[in-house]
Amino acid sequence: MTMKITSLVVALLVLIQGLQGCTMTPPRLPAVPSELTARAQIPGMTGVRYVGGGDMTELNRVALEALQREQAYLVKLGHKGPMPPVTYLAISGGGDNGAFTAGLLNGWTVTGKRPEFKLVTGISTGALIAPFAFLGPKYDATLKRVYTTLSPKDVIAPRSFISGVLSDAMSDNAPLLKLTRQSVTEDMLKEVAAEYAKGRFLLVATADLDARRPIIWDMGKIATYGGPEALDLFVKIMIASASIPGGFPPMMIDVEVDGKPYQEMHVDGGIMAQVFAYPAGIRINEEAAKAGVTRERKLYVIRNARLDPDWAQVERSTMSIAGRSIASLIHSQGIGDLYRIYATTQRDGVDFNLGFIPASFNFPHKEEFDNEYMRKLYATGYDMALQSFPWLKVPPGFASPGTTTGK
């Protein structure tokens with residue numbers, strides 16, 4: 001969440017008390033009662049999501065089934081011997097800073113060293129990138145176009161201040177929804193489903209605001225259902241994960257429990273975590289070993305933000321103090337997410353690699369989805385990839401004196 005959007009959220013909080021009862025928000029179906037939230041399912045598409053931080057038994061089972069699909073696929077290809085190494089990719093949130101990941105991936109392709117990722121995860125802008133990163137270089141041109149040619153009007157439609165406060169967001173994300181529907185097609189879903197059949201995973205996280213819990217969506221499983229309803233859900237989840245509360249409208253997702261309809265309110269997964277790889281409750285090394293599989297695993301985490309503190313003189317005003325404080329909280333949360341992921345990979349013997357926007361990048365950021373800013377940031381990620389990207393082997397703060405980077 002960037003500083004300007006943070007300020008909008010603060011303004012909303014300041015006025016909300018005085019304007020309660022005067023809203024013109026759209027109606028919704030009842031939320032899932034607290035005692036039933038774990039049982040809610042998407043009508044006609046069971047087994048497509050998991051509660052983050054909850055019981056991982058089912059996800060463990062699904063992961064083992066994916067391993068079996070991968071083994072069957074490798075046998076079909078004539079592979080013999082131990083299972084080959086695998087690579088994971090986790091893409092963080094960061095708004096228009098997603099241009100950094102787009103550039104990095106495209107530059108990585110040019111080097112000829114970009115791997116096929118066994119697992120791709122995304123939150124917020126990372127969720128918008130993840131399906132294209134999952135399907136590989138074929139979609140590099142799409143990523144470049146989205147993150148270098150768009151302007152604010154292509155993504156959001158601002159509402160008047162009063163209309164925004166009295167409705168469900170300060171802006172309408174209809175332009176972004178339209179853009180995503182143009183890029184994500186039924187043919188693309190078929191491609192995702194085909195990769196899912198090979199044992200690969202595409203996961204996106206949103207936040208269920210009613211239940212205040214993270215939801216991990218198995219996008220590959222959704223793709224296997226096919227048809228307009230699966231496509232609609234696929235796109236809704238991508239948009240929901242990027243819907244900053246207060247800044248953009250939430251995505252209302254229909255669910256049911258015992259045949260009774262309810263509706264969940266899903267927003268930016270970044271309010272729960274800035275980035276995730278796989279739930280810490282899954283001990284992938286141990287679980288795979290039980291199935292007789294030992295293999296090398298490597299994780300690349302791309303944080304669409306700078307990790308150094310950005311100094312600024314704060315005005316002595318309510319809005320400036322509150323906005324700066326929220327931005328600091330988000331920054332600290334992002335660092336904490338990296339520590340959590342790193343600790344999990346060390347436990348599981350996964351090779352950790354971290355990339356982020358360098359402190360040297362200081363191009364002016366005039367507005368959200370500033371086209372010139374995004375093009376410069378895309379070029380930064382692209383050039384860094386061509387020059388052998390300086391992946392960190394430990395997050396800042398974990399490094400001991402003399403520890404630098406891995407290539």
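1. Phe369 counts as buried, at 15% relative accessibility; buried means under 20% relative accessible area, exposed over 50% and partly exposed in between, with a 1.4 Å probe and protein chains only. Phe369 is not a glycine, yet its phi is positive, about 60 degrees. Its place is in the loop between S11 and H13. Helices (H or I, at least four residues) and strands (E, at least two) are DSSP runs, numbered from the N terminus.

2. The structure is a predicted model, in which local features need pLDDT of at least 70 and side-chain atom pairs count only at pLDDT 80 or more, while totals for chains, interfaces and linings use all residues. Residues are numbered from 1 along each chain as its sequence is written, and side-chain values use heavy atoms, with hydrogens and water left out.

3. The pLDDT is the predictor's confidence in each residue, from 0 to 100. The protein chain has an average pLDDT of 89, and 92% of the residues score at least 70. Over residues 400–407 the pLDDT is below 50, and this stretch has 14 contacts in the model beyond near neighbours in sequence. Contact means heavy atoms within 4.5 Å.

4. A second residue with a positive phi is Ser124, near 60 degrees; Ser124 is a residue other than glycine. Ser124 lies in the loop between strand S3 (119–123) and H4, and at 8% relative accessibility it counts as buried.

5. Helix H4 (residues 125–135) is mostly covered, with 11 of its 11 residues buried. Among them are Ile129, Pro131 and Phe134. Gly136 follows H4, and its phi is positive, near 95 degrees.

6. In helix H5 (residues 140–149), the buried residues include Asp140, Leu143 and Tyr147. The buried residues of H5 pack against H3, H4, helix H7 (174–183) and H13.

7. Two packed helices are described by the angle between their axes and the distance between the axes. Helix H3 (residues 98–111) and helix H13 (residues 371–386) pack at an angle of about 35 degrees, with their axes 7 Å apart. Axes are lines fitted to C-alpha atoms, for helices over the stretch in contact, and angles run from 0 to 180 degrees between N-to-C directions. Residues of H3 that meet H13 include Phe100, Leu104 and Trp108, and those of H13 include Met374, Tyr378 and Leu386. By class, the contact of H3 with H13 has 13 nonpolar, 5 polar and no charged residues.

8. Strand S10 (residues 297–306) is mostly covered: 8 of its 10 residues are buried. Strand S2 (residues 86–91) pairs with S10 in the parallel sense over 6 bridges, and S10 pairs with strand S11 (residues 351–357) in the parallel sense over 7 bridges. Two strands pair if DSSP finds at least two bridges between them. Lys298 in S10 is the bridge partner of Thr87, and the bridge partner of Lys298 in S11 is Asp351.

9. Gly334 is found in helix H12 (residues 318–348) and is buried, with a relative accessible area of 1%. Gly334 touches Gln274 and Arg303, not counting residues up to four places away in sequence. Gly334 and Gly93 are 241 residues apart in sequence and 9.3 Å apart in space, C-alpha to C-alpha.

Conventions. Nonpolar A, V, L, I, M, F, W, Y, C, P; charged D, E, K, R; others polar.
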